Amino acid sequence: MALENKRPTITINEQLLNKKISVKTILNIFNDHSTMTEEQMLLKLNEVISKKIKQDKVNSRKKPLIDKNTLFPQIALEFKEFFSRRGYAPSTLDTHMRNLRQFVSFLNYSYANYGSFNTILELHRLTKIMIVSFEEFLIEKLNTEQIQGSTVYRYLSTVKLLLQMLHEKSISTIHYVIPEALRKQGKRSNDYIETEQINTLIESVVKSNSQVKFRDMCVILLTMEIGCRPIEITNLKIDDLIITERRIRIHSRKSGTRTLKISKDLSQLLKRYLEIRDSLQITNTNMFINSFGEPITTNGIRSIFERANKKAFNERRFNPKALRHTYATNALDNENDFDEVSASMGHLHRCSTEWYIHRSVQRMLRRALPHNPLNQIMNGE
DNA sequence: GTTCGGCCGTATAGTAAAAT
DNA sequence: ATTTTACTATACGGCCGAAC
């Protein structure tokens, strides 16, 4: 390490060329330069750099989570086994399994003296009375405002499906119809977010020092600009972005596939994000990844929004869906072609889009996205 | 034929807790 | 302290048949 006659030199790791280190960090290193030798400075710099590189490495998950299957009663697993052959989406099967867990534990609790209900074969002891008492149990929860009507309906739908299966397997002959009064749909909400609020949210992300800052910005701005769903963001593959044409192809089971135009600024931001992503060793082709290098999930998207909200407003003010609603309202308000808006929202039917027209006319008149918040960010940097 | 509404599969939201 | 998962609850929307 002797420097002697030579000028001090430093070998920069190739990886470093792609890393960004803030000016402030560098300045901090040389803060007390008066007391440091050149050699010490270089050592210190190297130290900071290697720390930074280490930091940017993708973490790996330590150990697998608890086997999900152990969380569900045997009946739910058998249910899944039976129905997964019918092409149900994973989320649907999950929902039913969760609902079944409630039902099975209800049976085991309320009818303990009838013996246990563990496997579907044991469900031959299931009686209509038990189901009706489950209904009553749910109604009680409904009346005490623990759950909504639509949830009661969901639970009973699962029971109905279970009975279908039991019938097909000749385990039970109970024919069950959900009572009319218990078939409640959920209520639609419609949030509208003023532009300033969106700006505040985005600014808070821009200002943050988060390692996933660029990812988060891309996710929020994508939702804002094209009104896509969280699930559609999780489904995005790298190939879905056609950067030269500034087009992005989004897909979900619910809405199918559609291709949308994005702004110049957003495409630049995405490009920048993808550069960062490229510098990590990622084995999948998903555009957005979590800190483990795995494809991001809808939970991940939600937490991006929650974090940003908390930072910006100190409370949860709006969610991805609200941005989606805002997008639809703005798009319609700016006198875009109705069918175009409908298509860009991924609505297959006009009625889905029409719903947004019935919003407060006053508010619709008041605001119209005066500018793209991205302009400020890109110019400001 | 268009519109309305039910059905039901599937997505999102809120919260707590775990993992780093 | 931050970021993610797990769980429960609930909203959204495609599809289709009945009512207009």
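By class, how many nonpolar, polar and charged residues does the surface near DNA strand B have? In this predicted model, the tally comes to 6 nonpolar, 6 polar and 12 charged residues.

Let's walk along that surface. DNA strand B is surrounded by 24 residues, and the closest are Ser-91, Thr-92, Arg-183, Arg-302 and Lys-321.

Now for the DNA side. Take the atoms of DNA strand B within 4 Å of the protein: 67% are sugar or phosphate atoms, and the rest belong to bases. A few phosphate contacts are worth a look. Lys-160 places a polar side-chain atom 3.0 Å from a phosphate oxygen of DNA strand B.

The axes of H8 (residues 213-226) and H11 (residues 298-313) come within 10 Å and cross at roughly 95°. Because angles of 65 to 115 degrees count as roughly perpendicular, that's how H8 sits relative to H11. On the H8 side, the contact is made by Arg-215, Asp-216, Val-219, Ile-220 and Thr-223, while H11 answers with Ile-301, Ile-304, Phe-305, Arg-307 and Ala-308. Sorted by class, this contact has 6 nonpolar, 1 polar and 3 charged residues.

Notes:
Residues numbered from 1 in each chain as written. Chains lettered and ligands numbered in written order. Predicted model: local features only at pLDDT ≥ 70, side-chain atom pairs only at ≥ 80, totals over all residues. Heavy atoms only, no water. Axes fitted to C-alpha atoms, helices over the stretch in contact; angles between N-to-C directions. Helix = DSSP H or I, 4+ residues; strand = E, 2+ residues; numbered from the N terminus. Parallel < 35°, antiparallel > 145°, perpendicular 65-115°, else oblique. Contact = heavy atoms within 4.5 Å. Nonpolar A, V, L, I, M, F, W, Y, C, P; charged D, E, K, R; others polar. Near = heavy atom within 4 Å. Polar contact = N/O pair within 3.5 Å; in protein donor to acceptor, adjacent residues only side chain to side chain.
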